[in-house]
Amino acid sequence: MLEELVLFLLCFFLILLVYELFIVRKAKKNKGKKHPMEVKYLIAKYHLNMRKVDYPQLLQIVSLVSSFDIAFIVSVVIIVDSYLWQLLAALVLVLPVILISYHLVGVFYRKKGMTKNV
């Protein structure tokens with residue numbers, strides 16, 4: 001149990017660091033002209049009003065959520081013994097975990113009134 005927790009935390013912080021260095025930093029330099037794919041998804045699906053949204057905060061939330069998703073999937077998959085089952089488990093988990101986590105982010109922004117009335 002402790003090993004899985006350590007693996008989760010290491011994976012989470014490593015992915016978060018990579019995300020901050022390569023995705024968030026680049027997006028902040030572009031000042032919202034070219035959004036990361038996750039932000040594009042949130043804008044399209046949940047109609048985020050980018051005039052109301054604090055863009056640096058949105059980037060931080062996206063990096064945290066993506067890091068959590070990847071660390072969670074790795075932690076669950078590592079429990080399985082066979083490589084074939086690990087691959088299958090990862091393929092099955094990726095889409096639902098991402099959709100659920102970004103749905104929660106979209107609901108968060110909708111409740112804060114940061115969406116367009118469509």
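Which residues make the nonpolar surface patch of about 600 Å²?

1. The patch in question is formed by Leu2, Leu5, Val6, Leu9, Leu10 and Phe13, and, like everything else in this note, it is read from a predicted model. One of its members, Leu5, sits in helix H1, which covers residues 2-30. Leu5 has a relative accessible area of 46%, and it is therefore classed as partly exposed, since that class lies between the buried limit of 20% and the exposed limit of 50%.

2. The C-alpha atoms fill a box of roughly 50 × 30 × 25 Å when the box is taken along the principal axes. Of the 118 residues in the chain, 35% are buried, while the chain exposes about 8200 Å², of which carbon and sulfur atoms supply 71%.

3. The contacts deserve a careful look as well. Among those that join residues at least 6 apart in sequence, 71% link residues that are at least 24 apart.

4. Helix H4 has 29 residues, and the distance from its first C-alpha to its last is 41 Å, which is close to the 42 Å expected at 1.5 Å a residue. Even so, H4 has a kink of about 30° at Leu93, shortly before Pro96. The buried residues of H4 include Gln86, Ala89, Val97, Tyr102 and Tyr109, and the buried residues of this helix pack against H3 and against helix H2 (37-46).

5. Where does Leu93 lie, and what is it in contact with? Leu93 belongs to H4, which spans residues 83-111, and, once its neighbours within four places in sequence are left aside, it is in contact with Ile73, Val76 and Val77. Leu93 and Phe72 are 21 residues apart in sequence, and their C-alpha atoms are 9.6 Å apart in space. Leu93 counts as partly exposed because its relative accessibility is 21%, whereas a buried residue would have to be under 20%.

Terms used:
Residues numbered from 1 in each chain as written. Predicted model: local features only at pLDDT ≥ 70, side-chain atom pairs only at ≥ 80, totals over all residues. Heavy atoms only, no water. Patch = residues over 30% accessible without salt bridge, like charges linked within 9 Å, V, L, I, M, F, W, Y side chains within 5 Å. Areas by Shrake-Rupley, 256 points an atom, 1.4 Å probe, with all protein chains shown as cover. Salt bridge = Lys/Arg side-chain N within 4 Å of Asp/Glu carboxyl O. Helix = DSSP H or I, 4+ residues; strand = E, 2+ residues; numbered from the N terminus. Buried < 20%, exposed > 50% of the residue type's maximum accessible area, 1.4 Å probe, protein only. Contact = heavy atoms within 4.5 Å. Expected span 1.5 Å × (residues − 1). Bend = angle between axes of the 7 residues up to and from the residue.
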